[in-house]
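Me: Please take a close look at one part of this structure, and give the cut-offs for your terms as you go.

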Amino acid sequence: MIRPILKLGDPKLREPAHEVPRAQVASEKIRTLIDDLIDTMRDACGAGIAATQIGEPHRVCVIEVGENPRYPYKPKIPLTVLINPRLTPLTEETFANYEGCLSVPNLRGVVNRFVGVRLEALDGNGMEIDRELWGLSAGTFQHELDHLDGLLFTDRVVDPASFTTWENFDLHHKAAFVQRVEALVSRFGA
Ligand code: NI
């Protein structure tokens, strides 16, 4: 079911989400939550969405990048369901990512993200995930996990002068950003 997406200023976006107890991973409640997240993400053309964004305080998020009109330069990521995810940086190196968010309408800004992270989580079937993520895709996961801690990309924008509407991103910032993205993707393959 497509759910309403909470927008910037809603206090629920700022509440850190709770771990899903192991015994509830396969529960009806969590299964329905995952289905709703997938429906809502796809309906809104998001690259990912976290449970906090639909007002559910559980550490669950979904990520998927196919042909995405919001982010045509993003490398593809198959549908990924994460329960109780944890990220550990694998490097001190960061890259400047121009981010947007379904909860922050018509705004983008530059955020520094680690170029490599280790991801540990459970998938939608309760199976352990333990893998490395690199490049732009690593940034996408860092953005979604931030939501579970009540953080928005706006909190991490270092230079507020980088804030831009989507229209002005396309007009003034996209070309340079896509060049940086291509360099990153060719280096890390993602
Ligand atoms: Ni977001």
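Reply: The second largest pocket has a volume of about 160 Å³ (the space filled by probe spheres set on grid points joined across faces, edges and corners). A pocket here is an open set of points on a 1 Å grid over the protein atoms alone, where a 1.4 Å probe fits, with protein on both sides within 12 Å along at least five of seven lines; lining residues have an atom within 4 Å of a point. The model is predicted, so local features need pLDDT of at least 70 and side-chain atom pairs pLDDT 80 or more, while totals for chains, interfaces and linings use all residues. Residues are numbered from 1 along each chain as its sequence is written, and side-chain values use heavy atoms, without hydrogens or water.

Among the lining residues of this pocket are Glu-19, Arg-22, Ile-83, Asn-84, Glu-120 and Ala-121. Strands β3, β6 (116-122) and β7 (128-134) each give at least two residues to this lining (strands are DSSP E runs of at least two residues, helices H or I runs of at least four, numbered from the N terminus). By type, the lining divides into 4 nonpolar, 1 polar and 6 charged residues (Ala, Val, Leu, Ile, Met, Phe, Trp, Tyr, Cys and Pro count as nonpolar, Asp, Glu, Lys and Arg as charged, the others as polar).

Asn-84 belongs to strand β3, residues 77-89. Asn-84 has a relative accessible area of 12%, so it counts as buried (under 20%, with a 1.4 Å probe and protein chains only). Apart from neighbours within four places in sequence, Asn-84 contacts Glu-19, Val-20, Arg-59, Glu-120 and Ala-121 (heavy atoms within 4.5 Å). Glu-19, Glu-120 and Ala-121 also line the second largest pocket. A polar atom of the Asn-84 side chain lies 2.7 Å from the backbone nitrogen of Val-20.

The volume of the largest pocket is about 290 Å³. It has 14 lining residues, and Leu-87, Gln-142, Leu-145, Asp-146 and Arg-156 are nearest its centre. Along with β3, both β5 (104-114) and α2 give two or more residues to this lining. The lining is made up of 6 nonpolar, 2 polar and 6 charged residues. As for α2, 14 of its 14 residues are buried, so the helix is largely enclosed by the rest of the structure. Just after α2, Gly-150 has a positive phi of about 80°.

Methods
Buried means under 20% relative accessible area, exposed over 50%, partly exposed in between (1.4 Å probe, protein chains only). A polar contact is a pair of N or O atoms within 3.5 Å; within protein, one must be able to donate a hydrogen and the other to accept it, and residues adjacent in sequence count only if both atoms are side-chain atoms.
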